[in-house]
Amino acid sequence: MIDIASGHPAIDRYLSKNYEQVRGMSSRFAAAICGHLIRRQSELGISGELVEIGTFEGRFFIAMALGLAPGEKALGIDRFDWPNAGVEQRFLANCAAHGIASERFVSWKADSREIASEALRDKLGQRPVRFVHIDSHHSRECLTNDLELVHPLLHRDGLVCLDDM
């Protein structure tokens, strides 16, 4: 029995059965709250893409991506170099193992400080972003950069969630 829930069946199954199997530091509670917000956006007809800056091995990313509405995609941005070069392959394997079809997400190996908003917009196929989770370097400079990167792309009813800031 899950003690916290987003109200989205696919997200809640992942949170109760598989969340702890994926290496990461984010909490189930935070993922449930964000899953609830993503579900609520869908109920209100707010559509767009999901972006996570700092995906690591995908623990939080998978929860968000499971909340996608038909036709939406999730984009995960990470340098994928910590703690070793195998982190991107573990991210991709975790997404596949937990039901995120390859056509529903994009993995972008990049330092967010080196991405321009226009390049991000192109990567998203010119679609607006409805939900962003920023969990990158945790410095004031990186946070400022990441907020400036995503702000021009946000849906007018988009949400930005900050982790460990």
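This is a predicted model: local features need pLDDT of at least 70, side-chain atom pairs count only at pLDDT 80 or more; totals for chains, interfaces and linings use all residues.
**View 1. Arg 40 and Glu 43 pair within helix H2.** Their salt bridge has its closest N and O atoms 3.1 Å apart. Helix H2 covers residues 28-43. Arg 40 is partly exposed, at 39% relative accessibility. Glu 43 is also partly exposed, at 47%.

**View 2. Arg 90 forms a salt bridge with Glu 57.** The closest N and O atoms are 2.7 Å apart. Buried or exposed: which describes Glu 57? Glu 57 is buried, because its relative accessible area of 5% falls under the 20% cut-off. Arg 90 is partly exposed, at 27% relative accessibility.

**View 3. Asp 157 meets Arg 156 in a salt bridge.** The N to O distance between the side chains is 3.6 Å. Arg 156 counts as exposed because its relative accessibility, 78%, is over 50%. Asp 157 is partly exposed, at 35%.

**View 4. Four residues share one salt-bridge network.** The members are Arg 79, Asp 81, Asp 111 and Arg 113. Salt bridges with shared partners join them. Across the model, the count comes to 11 salt bridges. Why can such pairs form? Side chains of opposite charge can pair when their charged atoms come close.

How values were computed: Residues are numbered from 1 along each chain as its sequence is written. Side-chain values use heavy atoms; hydrogens and water are left out. Helices (H or I, at least four residues) and strands (E, at least two) are DSSP runs, numbered from the N terminus. Buried means under 20% relative accessible area, exposed over 50%, partly exposed in between (1.4 Å probe, protein chains only).
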